[in-house]
Amino acid sequence: MAHAGLNTLLIDVEDAVVYRTHPELQRAYSAPMADYRRIVARAKSRGLTVIPKLNFAKGVDMHNAWMSPYDEIPDDNPRYFEHAMQCADELTAGLDIRCLHIGMDEDCRPTATYLDVILKLRRELARRGLRTVMWADIGHSWTPHRNAKTKAILPALPRDIVMMPWTYDQRSQLRWIRLMTRLGFEVWGGTGPLRENIAMWAADIIRGGGHGLVATLWKPMNGAHAVAQRSIIRKAGRYFPG
């Protein structure tokens, strides 16, 4: 990533590590927290900013199932946020991390509840000196109702939240990027692994006044996917260096 000219590593952590405060979240594939901390140290030594990601979206896609048995705690119960922030604290303690990604994509909550959860998470992170980063569901041909929900909450969100619109559709998202930037948000485009999709997002981000590009593959970081990982890293670096 450093050689390709990229500047930020987003780590999708969730239940991939063993939490001291929540050993019950350990799975068969969970690694020691020390492994995560070594990755962070290595990335920072190469000049990369590190952003850990925990997903708190609820719904059919089960993005917050990593929190089981706490994932089904009602959103109006403070315990849900206490468990969430204890995990966040372990991922940031002593590591000079400035942002945390809260996920929130493909969420099935009602609009008002969705907004309330984001505001609560953002408030707790801000108390810790952390900036909130989140997915913004926009432009998806298969879920127009989620596009509408995102659009509805944008005016009520604090402008210090980094919005990360994403879609794997091969069509321009320029109007959405312009909407968010005009509202005052910092905007990073979230791409899929296809060269054409990365190129589309790079052009839209630049034309729409956005601020960055995040390349995603959504495959385990192991030898079987190393070639694909290196490929999208190089592609992203060529289209949107630095």
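A salt bridge is a side-chain nitrogen of Lys or Arg within 4 Å of a carboxyl oxygen of Asp or Glu. The model is predicted, so local features need pLDDT of at least 70 and side-chain atom pairs count only at pLDDT 80 or more, while totals for chains, interfaces and linings use all residues. Residues are numbered from 1 along each chain as its sequence is written, and side-chain values use heavy atoms, with hydrogens and water left out.

**Exercise 1. Salt bridges**

Task: State how many salt bridges a search of the whole structure finds, and describe the pair formed by aspartate 12 and lysine 53.

Solution. 
Step 1. In one of them, the side chains of aspartate 12 and lysine 53 meet at 2.9 Å, N to O.
Step 2. Aspartate 12 belongs to strand β1 (residues 8-12) and lysine 53 to strand β2 (residues 49-53), so the pair ties together parts that are 41 residues apart in sequence. Strands (E, at least two residues) and helices (H or I, at least four) are DSSP runs, numbered from the N terminus.
Step 3. Accessibility is classed as buried under 20% relative accessible area, exposed over 50% and partly exposed in between (1.4 Å probe, protein chains only). Aspartate 12, at 36%, is therefore partly exposed, whereas lysine 53, at 3%, is buried.

**Exercise 2. Two further pairs and a network**

Task: Locate the salt bridge of lysine 120 with aspartate 116, characterise that of arginine 171 with aspartate 169, and identify which residues are joined into one network.

Solution. 
Step 1. Lysine 120 and aspartate 116 meet through their side chains at 3.1 Å, N to O. Both residues lie in helix α3, four residues apart, about one turn of the helix. Aspartate 116 has a relative accessible area of 33% and is thus partly exposed.
Step 2. For arginine 171 and aspartate 169, the closest N and O atoms are 3.6 Å apart. Arginine 171 is partly exposed at 39% relative accessibility, and aspartate 169 is buried at 14%.
Step 3. Salt bridges with shared partners join Lys58, Asp75, Asp107, Arg109 and Lys149 into one network.

**Exercise 3. Helices α3 and α4**

Task: Describe how α3 and α4 pack.

Solution. 
Step 1. Helix α3 (residues 111-127) and helix α4 (residues 144-153) pack at about 55°, with axes 10 Å apart. Axes are lines fitted to C-alpha atoms, for helices over the stretch in contact, and angles run from 0 to 180 degrees between N-to-C directions.
Step 2. This angle makes α3 oblique to α4; angles under 35 degrees count as roughly parallel, over 145 as roughly antiparallel, 65 to 115 as roughly perpendicular and the rest as oblique.
Step 3. The contact (heavy atoms within 4.5 Å) involves Thr111, Tyr114, Leu115 and Ile118 of α3 with Lys149, Ala152 and Ile153 of α4.

**Exercise 4. Helices α5 and α6**

Solution. 
Step 1. Leu174, Ile177 and Arg178 of α5 make the contact with Trp201, Asp204, Ile205 and Arg207 of α6.
Step 2. The C-alpha atoms of isoleucine 206 and leucine 174, 32 residues apart along the chain, are separated by 9.4 Å.
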